[in-house]
Amino acid sequence: VPPLVARRPTVSTATAPPAASASADEFVTRRWRYLLVHAGGIYGPQGVRQSQQGWQSSRYSQGMRQELFEAFRSPQKSGILISERRLPESTFLEAKLCLAPTGEGWGIRLVKHVLAGCVPLLSQPWIEQPFETLIDYEAFSRRLGYGEVSRLPTTLSDASLPPSRLHEMRRALAP
């Protein structure tokens, strides 16, 4: 069963996702501070930090969080922010996409990012998503497989993922 994340009863316009608060033209032409954002445990659940040595054999998040963290420790160079710590909610509104990795199961970030209005980047190779036969995930998300991490800055660039397409994906989050 996919995780349940309750919506907040009220969302102010200051915290509303860009798709809900910005005009279409403003959204399509906006510059993103980050190409991709992730916040949370990298080497294991909070309090059960696995050693950085030997993470390649880790089952936690299929090794995807670790590979991304190792590849993109410096967001200034790549525009990709992979943090071990919590980040302010506003950070996710400044991101083109938000990472949705597995945890010890599906992970809760897919649901959280959809509710926040951020296009999820599913880094869950070989995992069928909740209700995948009923929901068109390609309409509102992208996928990241093994061997694709090093190409992420190019894959997420405006040339590969134009703002108009991103806007369509954000609009497709609501249904």
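Me: What makes you say that helix α6 lies across strands, and which ones?
Reply: Helix α6 covers residues 109–116 and lies across β1, β3 and β4. Helices (H or I, at least four residues) and strands (E, at least two) are DSSP runs, numbered from the N terminus. Helix α6 runs at about 155° to β3. Such angles run from 0 to 180 degrees between N-to-C directions, with axes as lines fitted to C-alpha atoms, for helices over the stretch in contact. Contact means heavy atoms within 4.5 Å.

Me: What should I know about the model itself?
Reply: It is a predicted model, in which local features need pLDDT of at least 70, side-chain atom pairs count only at pLDDT 80 or more, and totals for chains, interfaces and linings use all residues. Residues are numbered from 1 along each chain as its sequence is written, and side-chain values use heavy atoms, leaving out hydrogens and water.

Me: What is the strand order in the open sheet?
Reply: The order is β2-β1-β3-β4-β5, five strands with parallel pairing. Two strands pair if DSSP finds at least two bridges between them. β3 and β4 pair over five bridges, in the parallel sense. Within that pairing, L97 stands opposite V119 in β4.

Me: Why are β2 and β5 called edge strands?
Reply: Each has a single partner strand, so one side of each is left without a neighbour in the sheet.

Me: What makes a group of residues a nonpolar core?
Reply: The members are buried Ala, Val, Leu, Ile, Met, Phe, Trp, Tyr and Cys residues, joined through side-chain atoms within 4.5 Å. The largest such core has 22 residues, and L36, L68, I82, L97 and L152 touch the most other members. The elements giving two or more residues to this core include β1, α3 and β2. α3 gives the most, with three residues.

Me: Which residues does L68 contact, leaving aside its neighbours within four places in sequence?
Reply: L68 is in contact with I82, L99, L144, V149 and L152. There is also a second, separate core of eight residues, which includes Y34, A39, A95 and C98.

Me: Why is the pair of W126 and Y146 called tilted?
Reply: Rings of Phe, Tyr and Trp (its six-membered ring) pair if their centres lie within 6.5 Å; planes under 30 degrees apart count as stacked, over 60 as edge-to-face and the rest as tilted. The centres of W126 and Y146 are 5.0 Å apart and their planes stand at 55°, so the pair is tilted. W126 is in the loop between β4 and β5, Y146 in the loop between β5 and α7, 20 residues apart.

Me: How many aromatic pairs are there, and how do you know that Y137 and F140 form one?
Reply: There are two aromatic pairs. Y137 and F140 are 5.2 Å apart, centre to centre, with 40° between the planes, and that pair is tilted.

Me: Why does W126 count as exposed?
Reply: Buried means under 20% relative accessible area, exposed over 50%, partly exposed in between (1.4 Å probe, protein chains only). W126 has 77%, so it counts as exposed. Y146 has 36%, so Y146 is partly exposed. Y137 and F140 are both buried.
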